Amino acid sequence: MITPTTNQTELHIAEYLVNLLPKPIKEVNDVVEMHYDIYGAPIEPLVKVSCEKELSTKRRIMHDLLTDHYDPSFYDVKQEHNNKYIKDVFTMISSLPKLDAISQTKPIESTFDEIPVRQTDSAEIKKFLRKLNVQFIGYYCDHTTVDEKCDKVVMNTSDLLESETFEEYKQFIERYVNCIYDVFVYYWYDNESHNAQRSEINELHVDYSTLMKMRLCINKLNTRIYTINSHSNKRCARCEAKQKLYDYTLREVERMRSEQEELDRQFDETDYDMAKFMQNNYPNIDRFLLKDVQQRYSKEFGQKLTFAQLTEKIEQTGRWKVTNVSRAYYVNRI
């Protein structure tokens, strides 16, 4: 097995903004002791809503707005005007461009497991594996320079999220999350007071200049995100090349083993009769190179025997003898 060459994560702005709202914790932030207006003065709320319910509702609204997930059953407040108000807010937000995800990629130093050599492997496969296992087991790649460049992505992302442009976008979204939440507050109030005449919220008014300004704001943020992503997607060419070699080695070994198994099924022990093989291939020749026997044997049976193995098999027939003449091995008929 090989470890992944990259460790890639993405920061989605929708999830980030939702997580800025604290998660409701039962019996910890469940009860609101006092309500305050925008100036910090204590006020009597229209309806008492637990903190848990408020946070859960706002997190749901924030997520649905940013992901264009309008659920008619959830946002049905039993009042046509207010339902239209919520739908109009969703339509307005969905008409704006979406913020791209910030990808954070950091190459991981690759490590490889040894490819095991089986006892049934042929000499060719064993030689092939031993040669490549030396490369894989001892592989090392220094990612210090690449890591330093990737670490800058964290700083750039932090600067983006703390910028005035992103703060402007965040406040815009939060404003309309609160607008929809206010509709729910009116709905809960009417239910508690058993008000047959449902309360209507004010009309939704958004001027054209505000939407154009927000489009420009999102485009600026996406430009910065594109720049961050272009610097963060670092890859290690050396590790990727080694991984391709490793994958190729696995495929090639499986192919060679499959061929060997197929040959083993085709030939049984009687098929490897050396006397019959020599008679069929050298019926009228009294002297020839041992190298020629090795090549023909390998081609016919799919087994490349060494000179020592061939010499033993040939001389066991009692009809041939192998001699060494000036470092050239010859097979001689007796």
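A residue is called buried here when its relative accessible area is under 20%, exposed when that area is over 50%, and partly exposed in between (1.4 Å probe, protein chains only). The structure is a predicted model, in which local features need pLDDT of at least 70 and side-chain atom pairs count only at pLDDT 80 or more, while totals for chains, interfaces and linings use all residues. Residues are numbered from 1 along each chain as its sequence is written, and side-chain values use heavy atoms, with hydrogens and water left out.

With a salt bridge taken as a side-chain nitrogen of Lys or Arg within 4 Å of a carboxyl oxygen of Asp or Glu, the count comes to 15. One of them joins Lys-58 to Glu-54, with the closest N and O atoms 3.0 Å apart. Both residues belong to helix α2 (residues 51-66), and being four residues apart they are separated by about one helical turn; helices (H or I, at least four residues) and strands (E, at least two) are DSSP runs, numbered from the N terminus. Lys-58 counts as buried at 15% relative accessibility, whereas Glu-54, at 21%, is partly exposed. In helix α8 (residues 237-266), Arg-255 and Glu-259 also lie four residues apart, and their closest N and O atoms are 2.6 Å from each other. Here both partners are partly exposed, Arg-255 at 37% and Glu-259 at 44%. Salt bridges also link Arg-60, Asp-64 and Asp-71 into a network.

Asp-286 lies in the loop between α9 (274-281) and β5, and Arg-333 in strand β7, so the pair ties together parts that are 47 residues apart in sequence. The open sheet itself has three strands in the order β5-β7-β6, with antiparallel pairing, where two strands pair if DSSP finds at least two bridges between them. At its edges are β5 (287-289) and β6 (320-325), each pairing on one side only. Six bridges join β6 to β7 (residues 328-333), and Val-322 stands opposite Val-331 in β7.

Rings of Phe, Tyr and Trp (its six-membered ring) pair if their centres lie within 6.5 Å, with planes under 30 degrees apart counted as stacked, over 60 as edge-to-face and the rest as tilted. This rule gives 19 aromatic pairs. Among them, Phe-74 and Tyr-75 are edge-to-face, at 4.8 Å centre to centre and 85 degrees between the planes. Phe-74 is partly exposed at 27%, while Tyr-75 is buried at 0%. The rings of Phe-184 and Trp-188 have centres 5.9 Å apart and planes at 45 degrees, so this pair is tilted. Phe-184 and Trp-188 are both buried, and they sit about one turn apart in helix α6 (residues 164-193).

The charged end of Lys-53 is over Trp-188, 4.1 Å from the ring centre. Arg-287 lies over the face of Tyr-330, at 3.9 Å.

How values were computed. A charge sits over a ring if NZ of Lys or CZ of Arg is within 6 Å of the ring centre and within 35 degrees of the ring normal.
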